[in-house]
Each structure stands twice: as structure tokens, then as C-alpha cells.
Amino acid sequence: MSVSTGERPPSEALQAGAWRRILAVGVEGFASGLPLMSISTLLQGWLTASGVPIAMVGLLGLTELPYTLKLFWAPLMDRWAIPWPDRRRGWMALLQVLLGIGLLSFTRLQPSASQAVVLTIGLTALGVAILSASQDVVLDAYRTDLLPQAERGGGAAAATLGYRGAMLFIGAGGFLIAGRFGWQAAFATAGLLMLVIAPITVLAPRLQAIHHPVPNLREAVLGPAREFLGRTGPRRALQILVLVMLYRWPDGLLGLMAVPFLIQSGFAPETIGAVQGGWGIGAAMAGTAVGGAWFSRLGLNRALWVYGVIGAFSNLAYWALARFGGGFQGLLVAVSVENFCSGMVVSAFLALLMSLCNPRFSAAQYALLSGIYALSRSVLSTPGGLIASQVGWSSFFGLTVAAAVPSLLLLTVVAPWRERLPRGAFDPNRDDT
């Protein structure tokens, strides 16, 4: 007769720990998307409904700047950690409390056409954006430091699902609350949710202590680049950075031109909003979940190959819509295919970024890598409109597929099919952290 000790077998305990980490990462993904959507989509709706001139509403685009510039203060969060509950969650919980207060402060404002009032609202939104971008820095670092390599595909999927869940919550639920109870009630709901997430963060899985924390500001600023170059070598570092910049270039080109194409194709704005903003987000969430589930079987390198190819060829759905039409059914198919495959790409791409970061400098290194990726959405995708106007929509979407070729060529060098990890990925067994 056996006597139960009340303890779970090691395999069950490990599995429970993995699910707890994945769940925590998903909740923090929601915390990342909530403030961004509140000060963009929700605030734009409130200002427009309140009669604020469109030219003034457009100035809210400046609140995107902190998300681009965050790499400049990310090293400070590697250098000055809040030790309780650990070096990442201390910052996370503090910023979430401040974000909750910041979102609640909108309940005391009332938009009007007055420049002074719009300036006050704009500065409040900018303050929330700075806090939100800072939260993103430590959330990315926490996810990178927390998840072992085998869980990074699932973790990337969970973070993306949480983020897109926040998009759905604000884009649908926030506007429903605003329509029934007023815009202040919608912002109050968002602020209270952030305050609820803060104690969840305190109870989230703990990080392991690093052996040699960043000793001074000079090391926090110069150390990330020095460590990355020392680990990879200058040539490999350049190859990795170019891969990060180009891997999602097909996505960026299509994303910039999708709405103009659909409007020129005769689809009504409300149809585009419903299909892209609702159905499309759902398809992307499904693709992210599938990509995360397959990731552990494929490994990082093969996931980068498979998802990259699938993501690029999914743009042919828009090529077919431009070439053959198809009406509403064609639109639904194109949006579903592209968003589903794009969700798969995201799960591999975020896992790639995490694999390249040393825990000592993960805040700064991840911010730098994500900033380099942003170039593909801004600078490299900017000529998309000019190209489309010159060659036509169907040829343009065909060219977005060809835009995947440079990154696939780089994968042969940086992430060969027969290897599990990219050449230059951080190896904890060779580092003193």
C-alpha cells in the first residue's frame, strides 16, 4: 500500500510552473495594450464626439513618440532596479499604479474646442504614454528573463493574445461603456483595471537573481551594446540586426496600405472597421495561439522559417482580392488569412527577440531590438504608397511577398534550419548571470 505525500510529481510541478508563467505573461500583455488603446482609439473617439476639430485630434499622434524613444531611457531600468518583489516586478507594479491614476485623471476632464483644454488633455495623454512606454520596457524584460527557451513561443503567443485582448476590450467594450454611461466611465473602467493588475503583478512568478547586476550608469548605457557585440562579433551582430529589421517587412508594407486599398476598392468605412477591427483581431489571436502551440515542436529556427514563409505568402490573399475581386466574402477571406498568418509570425518574432537578450541588460537590449524592428514599419514601409500608385494594387501586393526574400536569405546564416537557436542567441551556460 502506498502513502500519498501530497506532493505532485516533478513533471506535474514543472508543467504547473510553466502554465503559471505563461498566464502571468498573458496578463502583462493585457496591461501593455490597455493604456495604449485608451489614449489612442478611446481618446480619439471622445475628442471627436465632443466636437474637437479633426486637426487637433490628429496631434494625438505625437503620443506615439515615447514608444519610439523608450530605448533611450531603458538602460536606467537595468541600472536602478526596485528590489521588491524583484528587479522587474517592482517597476511593473509601480508603473501600473501610476498608469491607473493617469487614466482615472481623464474622468476629471471635459473636452472642448478650447486650445487650452485640448493642450491639457494632450499633455495628460503624453504623460500616460511615457508611463506606458516605460511599462513596456520592463514588461518585455520580465518576459525575456522569466521564460526558459522552450516556453518562449507560448509566452510570445500569450503576451500577444493579452495585448490583442486589450485592443478588443477598449475597441469594443470601451465604446459600449462610453455609449451607455459616458466617456468618463470608460476611462474609469480602464484606470481601475490597471490598478487591479498591479497586485496581480506582485503575485506573479519571481525572477531568479542575477549574479552581477549592472554596477553603474556607464555600464547600463554602454554594457548592452558591448555585451551583444562581444557575444556575436561585429559581422554576426549586423546580420542579426538586419534580420530583426526585415523579418516583418512584408507585414509592414501591407499594413500601411491595406485600408487605402480597401477604400479605393469601394468598401464602406464601417465595413472595413468591422472586418479589420473585429474579425481581423480575432483571426490574429487564433493565429497567435496556433503559432505558439506549434512552436515547441518546431524550435525557434524552424518556426522562423515556417512562419516567415507562411506570413509572406498570406499577402497573396490581398493580391487575389485586388486581381479578382470577390466582394464582402473576398474581403473576409483576405483579412482572415492575412491576420491569422501574421499572428503566427508574431509568436516566432517575439521569441527571436527574447533569445537575443542577456538578462543583465534585457530592458535595454530588447528596447533596442524592438526599435530597430520599428524601422520596417516606418522608414522602410513609407515608399509603399508611391510603389502602389506606380505599379497598381495587385503588383504591389505581389511585391510585398518578394519583400520576404532578404530575411529568408539572412535566416540561412543566422538561424539555419538544422539548428535549434540562432547563431548569436544568448546562452546562459556561457555567461556569469
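Modeller: Let's start with Leu 254, which lies in helix H11 (residues 249-264); helices here are DSSP runs of H or I with at least four residues, strands are runs of E with at least two, and both are numbered from the N terminus. This is a predicted model, where local features need pLDDT of at least 70, side-chain atom pairs count only at pLDDT 80 or more, and totals for chains, interfaces and linings use all residues. Residues are numbered from 1 along each chain as its sequence is written, and side-chain values use heavy atoms, with hydrogens and water left out.

Biologist: Why is Leu 254 called buried?

Modeller: Its relative accessible area is 1%, and buried means under 20% (exposed is over 50%, partly exposed in between, with a 1.4 Å probe and protein chains only). So Leu 254 counts as buried.

Biologist: Which residues is Leu 254 in contact with, leaving aside neighbours within four places in sequence?

Modeller: Asn 315, Tyr 318, Glu 338, Phe 397 and Thr 400, where contact means heavy atoms within 4.5 Å.

Biologist: What makes H14 and H15 roughly antiparallel?

Modeller: The axes of helix H14 (residues 316-324) and H15 cross at roughly 165 degrees and come within 8 Å. Axes are lines fitted to C-alpha atoms, for helices over the stretch in contact, and angles run from 0 to 180 degrees between N-to-C directions. Over 145 counts as roughly antiparallel (under 35 is roughly parallel, 65 to 115 roughly perpendicular, the rest oblique), so H14 and H15 are roughly antiparallel. Tyr 318 of H14 and Glu 338 of H15 are among the residues making that contact.

Biologist: And why is H7 called oblique to H8?

Modeller: Helix H7 (residues 152-181) and helix H8 (residues 183-202) pack at about 135 degrees, with axes 6 Å apart. That angle makes H7 oblique to H8. Their contact includes Phe 169 and Phe 181 of H7, plus Trp 183 and Leu 193 of H8.

Biologist: What makes a group of residues a nonpolar core?

Modeller: It's a set of buried Ala, Val, Leu, Ile, Met, Phe, Trp, Tyr and Cys residues joined through side-chain atoms within 4.5 Å. The largest one here has 56 residues, and Val 244, Tyr 247, Leu 304, Tyr 307 and Phe 349 touch the most other members. Its largest share, 10 residues, comes from helix H15 (residues 327-355). A second, separate core of 38 residues includes Phe 30, Trp 46, Phe 106 and Ala 190.
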